[in-house]
Amino acid sequence: DSSQEFSTSSQITGSAYAPTDYTPTPAILTTAVSDMETAYTSASQRINTQGYNLGDGNIGGMTLAPGVYTFGTDININSDITFSGSADNVFILQTTGALMQAASTNVILSG
């Protein structure tokens with residue numbers, strides 16, 4: 001990009017941002033990282049509201065309601081999954097394992 005505020009590549013859709021890009025990108029990235037840390041801390045402190053180990057961790061094909069889902073296993077999304085709620089709802093997946101999504105599957109936000 002001629003502004004040098006971001007980069008483009010044939011390997012991604014959209015723009016890539018780095019702290020070495022021109023202003024205002026470094027400040028925007030700092031804010032984004034801070035917001036991510038705040039969200040992570042908040043999510044990690046939420047209590048489970050939707051049961052434990054839903055589907056034994058295999059949640060592909062499901063439609064999930066708002067809430068906190070806790071897993072002591074890996075979470076596998078092997079087919080499309082839908083999160084159904086309003087714009088103000090919160091969905092949190094907490095796991096002690098990995099979150100794995102199969103290729104060509106979709107995460108659908110509905111409502």
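## Asn-53 and its neighbours

Leaving aside residues up to four places away in sequence, Asn-53 touches Thr-70, Phe-71, Gly-72 and Thr-73. Keep in mind that this is a predicted model. So where does Asn-53 sit? You'll find Asn-53 in the loop between helix H1 (25–44) and strand S1 (63–64).

Is Asn-53 buried or exposed? Its relative accessible area is 18%, and because buried means under 20%, Asn-53 counts as buried. Gly-72 shows up again here: a polar atom of the Asn-53 side chain lies 2.6 Å from the backbone nitrogen of Gly-72.

## Rings that pair up

Now for the aromatic rings. How many aromatic pairs does the structure hold? There are two. In one of them, the rings of Phe-6 and Tyr-17 have their centres 5.9 Å apart. Their planes meet at 50°, so this pair is tilted; the label edge-to-face is for planes over 60 degrees apart. Phe-6 and Tyr-17 each lie in the segment before H1, so the pair ties together parts that are 11 residues apart in sequence. With a relative accessible area of 23%, Phe-6 is partly exposed.

The rings of Phe-83 and Phe-91 have their centres 5.2 Å apart and their planes at 70°, so that pair is edge-to-face. What about their surroundings? Phe-83 is buried, at 10% relative accessibility, whereas Phe-91 is partly exposed, with a relative accessible area of 25%.

How values were computed. Residues are numbered from 1 along each chain as its sequence is written. This is a predicted model: local features need pLDDT of at least 70, side-chain atom pairs count only at pLDDT 80 or more; totals for chains, interfaces and linings use all residues. Side-chain values use heavy atoms; hydrogens and water are left out. Helices (H or I, at least four residues) and strands (E, at least two) are DSSP runs, numbered from the N terminus. Buried means under 20% relative accessible area, exposed over 50%, partly exposed in between (1.4 Å probe, protein chains only). A polar contact is a pair of N or O atoms within 3.5 Å; within protein, one must be able to donate a hydrogen and the other to accept it, and residues adjacent in sequence count only if both atoms are side-chain atoms. Contact means heavy atoms within 4.5 Å. Rings of Phe, Tyr and Trp (its six-membered ring) pair if their centres lie within 6.5 Å; planes under 30 degrees apart count as stacked, over 60 as edge-to-face and the rest as tilted.
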